[in-house]
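Biologist: I've got this one open on my screen and I'd like to talk it through with you. Could you take my questions one at a time?

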Amino acid sequence: MKLFFSVLFLFTCTFANAEDAAIRQDVESVKQSVLELNTDLYQLEKDLLSPATTRAAFHLSLSHGEYFEPLSIELSVDGESQIQHIYTERQVKALRMGAVQPLGNVNLSPGKHTVRAVVRGVDHLGQGRELIAEDIVEKTSKPLLTELVIQDFVERQSARVQLKYW
Amino acid sequence: MEFVVRYLLLILLALPASALETLKPGDKVDDFTMLSVNGFGQRLTEVRGQPLMLIWLDRCDACSETLARYQLLAESLEIDGLLGWFVWVPEGDDEPPKMRLPVLRYDTKWRQSWLFEPRPAVMLISPDGVLDHLIIGDLEESYGEVEAAMMRWISEVRDQ
């Protein structure tokens, strides 16, 4: 009788061990799958957000600024507002002294995009003015570096804003 | 009873975090930038190092007369480095007050803006950006309280 129970116990233990080993193997396999999935997701994220492929950087400069002082800027890409900035007196002084302001970075997929910048400010007579630059930019796999340049338009005693590419 | 408690908890959870947060004296004031109706925009961190009186207006349609005393108070203490800003929240066809001090315009469109509730209110913000005094209530009625607090506060700031 004792022998019977001993054999039964050993058999149960062996069977349980074999089952445990199978479960452990399954767990390891799942862990491996999760790690692989994580690596794939990381790669996908890198591909989607890689600065080299999607980075578009926008800057702003003010050339002379006799006929226009900026108070704010709004930049939209494909109709979606992306960058906003309100200028303080100190910032405009820095721009007048030649500073180039990094406005911000936008993620753009390769292809054509409509960029629209609206700069609100005042002219040399203290009247409210709005300068608009609209352009279609082509984003390639290389980073896109652009500069919005506010320039005096002396002939018209006015100013204009243009999008330039570095 | 249990249902009521559950319902109240749900409501509390549904409230945005900002609604539960109230700025109180001793708190650091977060940075903000707002357009001004009478000049360049203003940014809080740019004036660190100077005491600031920030006056939040309630409904104001060309309410310059109501604010004249506050403007004079701020200007009389300019020698102590005091700055004074009004924050105007336009409604309908309201006209902004015509002031010599900056009148900031709150507009939801600008993400850098900040709206404080309840209004009207007067904030005295220390040179290191801490809210030292907060006086809430009608601006005409609370002028005396603001002036008294200001005089004590500015002498403390001067001594620091």
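Biologist: Let's start with chain B. Of its contacts with a separation of 6 or more, what percentage comes from residues 24 or more positions apart?

Modeller: Bear in mind that this is a predicted model. Chain B has four helices and seven strands, in the order α-α-β-β-β-α-β-β-β-β-α along the sequence. Of the contacts in chain B with a separation of 6 or more, the share from residues 24 or more positions apart is 64%.

Biologist: And in chain A, what share of contacts between residues at least 6 apart joins residues at least 24 apart?

Modeller: Chain A comes to three helices and eight strands, and its pattern reads α-α-β-β-β-α-β-β-β-β-β. Among its contacts between residues at least 6 apart in sequence, the part joining residues at least 24 apart is 66%.

Biologist: What percentage of chain B is buried?

Modeller: Buried here takes 20 or more other C-beta atoms within 10 Å of a residue's own. In chain A, with 166 residues, 19% pass that test. For the 160 residues of chain B, the buried part is 27%.

Biologist: Which residues have the most contacts inside the largest nonpolar core?

Modeller: That core holds 37 residues. Several elements of chain B supply at least two residues each, including β1 (33-36), β3 (52-56), β4 (83-88) and α4 (143-159). Apart from it there is another core of 22 residues, with A:Phe58 and A:Leu131 among them. Back in the largest core, the residues with the most contacts are B:Met53, B:Leu54, B:Ile55, B:Leu57, B:Phe86, B:Val87 and B:Leu104.

Biologist: Which residues does B:Leu54 touch, leaving out those up to four places away in sequence?

Modeller: B:Leu54 is on the list of residues with the most contacts inside the largest core. With those sequence neighbours left out, B:Leu54 touches B:Trp85, B:Val87, B:Met123 and B:Ile125.

Biologist: Where does α3(B) bend?

Modeller: End to end, α3(B) agrees with what you'd expect, because 13 residues at 1.5 Å a residue should span 18 Å and its end C-alpha atoms are 18 Å apart. Its buried residues are B:Leu67, B:Tyr70 and B:Ala74, and their cover includes β3 and β4 of chain B. In an α-helix, residues three or four places apart point the same way, because there are 3.6 residues a turn. The bend in α3(B), of about 25 degrees, is at B:Tyr70.

Biologist: Why is strand β2 of chain A largely enclosed, and how many of its residues are buried?

Modeller: β2(A) pairs in the antiparallel sense with β5 of chain A over nine bridges, where A:Glu74 stands opposite A:Val118. With β3 of chain A it pairs antiparallel over six bridges. The rest of the structure largely encloses β2(A), because the buried count among its ten residues is seven.

Biologist: Which residue in the turn between β2(A) and β3(A) has a positive phi?

Modeller: These two strands form a hairpin with two residues between them, and A:Leu75 has A:Ile83 in β3(A) as its bridge partner. The positive phi, about 55 degrees, belongs to A:Asp78.

Biologist: Last one: which element gives the most to the side of chain A that touches chain B?

Modeller: The contact takes nine residues from chain A and eleven from chain B. On the chain A side, β2, β3 and α3 (89-96) each give two or more. By class, that side has four nonpolar, three polar and two charged residues. With three residues, the element giving the most is α3(A).

Conventions:
Residues are numbered from 1 along each chain as its sequence is written. Chains are lettered from A and ligands numbered from 1 in the order in which they are written. This is a predicted model: local features need pLDDT of at least 70, side-chain atom pairs count only at pLDDT 80 or more; totals for chains, interfaces and linings use all residues. A nonpolar core is a set of buried Ala, Val, Leu, Ile, Met, Phe, Trp, Tyr and Cys residues joined through C-beta atoms within 7 Å. A residue is buried if 20 or more other C-beta atoms lie within 10 Å of its own, exposed if 12 or fewer, and partly exposed in between; C-beta atoms are placed from the backbone. Two residues are in contact if their C-beta atoms, placed from the backbone, lie within 7 Å. Two strands pair if DSSP finds at least two bridges between them. The expected span of a helix is 1.5 Å times one less than its number of residues. The bend at a residue is the angle between axes fitted to the seven residues ending there and the seven starting there. Ala, Val, Leu, Ile, Met, Phe, Trp, Tyr, Cys and Pro count as nonpolar, Asp, Glu, Lys and Arg as charged, and the others, Gly among them, as polar.
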